[in-house]
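Okay, thanks for coming, everyone. Let me put the model up on the screen before I start talking.

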Amino acid sequence: MDNQNINTKKESKKKMNPLIFWPPTIILAIFVIAGALRTEQVGKIMTDMLYGMSDYFGWYLNLLSLILLLISVVFIVRKYGDIKIGGKDAEPMYTIPQWIAMTICGGIGTGLLFWAMGEPIYHFATPPAGAGVEAFSREAGIFAVSQAMWDWSFVQYATYTIPGIAWAILVNNKKMPLSYNSLVKFLFKKDIPWLANIFRVLTVFCICGCVSNSMGAGLLQIGGGLNSVFGIPQTALIWLIVAIVIAAIFVLSCVSGLGNGLKKLSTITMYLFFALMLYTLVTGNTTFIGKITSESIGNMIDNFATKTTMMNAMVPGETWSADWIVQYFASFIVYMPVMGMFFCRMAKGRTIRQFVLLNIGVPSIFCVIWIGIFGGQAIYLQTSGTMDIWAAVNEQGMQATVFQILQSLPLGKILCVVFLVAICFSFCTLADPMSSALATVCVDGLHIESEPPKNLKIIIGVVITAVAYTSVATGGLNSIKGLFVLVGLLMSVPGLFCLAASFKACRQVLHEKNYGCPENENENMELLEDKETV
């Protein structure tokens, strides 16, 4: 029997654990309903929680993010980097371009497209005290673009990659199922079901909420674009239609499996990204974009630690850090263990050094260039007097202003349409792996070579879509956003377990024969899956 048939058979035996999936889903639904019925009250509670927890714990999230980035260097320069994932004879499952496309698209969602133009304008107009610059000055412009570059690049992908090392070795070299049970058992040398199940329930709640929030933001962006380009009003019906279309795309991609759906969808999305970047660079003010991009990169390199840890010390009334870097880094930490699960599926046949360099370096460089082009063009429009973007943001909101910026370029309406498609596909390339990873968390003893049950992926896709639509239609989206810091704190616990497991796994397999891989891979895989219990 070939591997595909074996995996299909295994997949049919695996079922969702209802105690892992339904309780956090019901709690999330209750929270969304509460936000719909008491939007202002719940929103105020979440806002107060955001600022309060940022004041007390923001420093911890910022320092953890910086430490994860610095730790990534250890895996590159030390002997750990020589370890080959899957054993010395393992062959890569994906080509470098396919791997790059899935890594970039799988971590972006809708945020980068929206905030590449929006975030620099906010920092330009309202810089933090810690930056030491005046609003709308030259220094503020360089700070604004460089801070946005940093927020969306190296810290984000280091946060995702370090846990991926642990998962990659456990499932590809140690042949353990892709589950928290394996992680806990590996660290403590015994099963601790209650601890693993706490991590699983927490992950389902946090990831469903965060992906739904990302989809909700995408619905608002697409609604704003349809209104700006075609004059279609933003209504609950339009959001529902858009939500159904997006859900259909990412669910179909998800049930096709990582090697089919996401690989193809990511490739298409990357073509759209490069087309948008190239067109904006050529038709925008290329000289200004080039200058501010180069200066911003230099500023980012000179001040990367400060940009990661900036808080409101001795400026207690300032909320900049809570609104931006703390919330960003908290949301990255939320995805930390699950993104690691996604990344490890592309790791086989690569060394740890290749795994870290590509997963952090390539998408980060892409994000820096993207923000340099779009953020640079936005700053140019503001400083040249071509368009008062800051006034437009305050009057109409960022979601409408983004499309006004695009329409300032030649063939602006066509560009907006391409941008709308890119938003749709970009979210799908995030929701696809997250739905698959959540399905994996909800299934007991699933092996890396196997796909979670398709019906479970569909259920998760429907839940994410329903939460996103309900949040947007009722105005409760900000309530979910307020959860980011709280759930980031909670998810940092399993994230730290993954960090410890990454070091332990590397130390253990570095000097083992074939990097800890058994000689007869298929037989060992089947044996472990058959014996694995919760």
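Predicted model: local features only at pLDDT ≥ 70, side-chain atom pairs only at ≥ 80, totals over all residues.

Start with α9, residues 193–230, and α10: their axes come within 10 Å and cross at roughly 125°. That makes α9 oblique to α10, and the crossing is right-handed. On to α2, which covers residues 18–37. The axes of α2 and α9 come within 9 Å, at a crossing angle of roughly 40°. The α2 and α9 crossing is right-handed.

Then there's α7, residues 154–173, with α15, residues 336–344. Their axes come within 7 Å and cross at roughly 55°, so α7 and α15 are oblique to each other. α7 passes α15 in a right-handed crossing.

Okay, charges. How many salt bridges does the count come to? Six. Let me show you a few of them.

Stay with α9 for a second, since Arg 200 sits in that helix. Arg 200 pairs with Asp 444, and the closest N and O atoms are 2.7 Å apart. Asp 444 is in the loop between α19 and α20, 244 residues away from Arg 200, so to speak a link between distant parts of the chain. Is Arg 200 buried or exposed? Arg 200 has 1% relative accessibility, so it counts as buried. Asp 444, at 23%, counts as partly exposed.

Next, Lys 174 and Glu 512 form a salt bridge, with the closest N and O atoms 3.5 Å apart. Lys 174 lies in the loop between α7 and α8, and Glu 512 in the loop between α22 and α23, so this pair ties together parts that are 338 residues apart in sequence. Glu 512 is partly exposed at 30% relative accessible area.

There's also a network: Lys 79, Asp 82 and Arg 353 are linked by salt bridges. Within that, Lys 79 and Asp 82 meet at 3.5 Å, N to O. Lys 79 is exposed, at 55%, while Asp 82 is partly exposed, at 30%.

Last stop, back on α10, residues 236–255, where you'll find Leu 240. Leu 240 itself is partly exposed, with a relative accessible area of 32%.

Conventions
Residues numbered from 1 in each chain as written. Heavy atoms only, no water. Helix = DSSP H or I, 4+ residues; strand = E, 2+ residues; numbered from the N terminus. Buried < 20%, exposed > 50% of the residue type's maximum accessible area, 1.4 Å probe, protein only. Axes fitted to C-alpha atoms, helices over the stretch in contact; angles between N-to-C directions. Parallel < 35°, antiparallel > 145°, perpendicular 65-115°, else oblique. Left-handed = near helix turned anticlockwise from the far one by under 90°. Salt bridge = Lys/Arg side-chain N within 4 Å of Asp/Glu carboxyl O.
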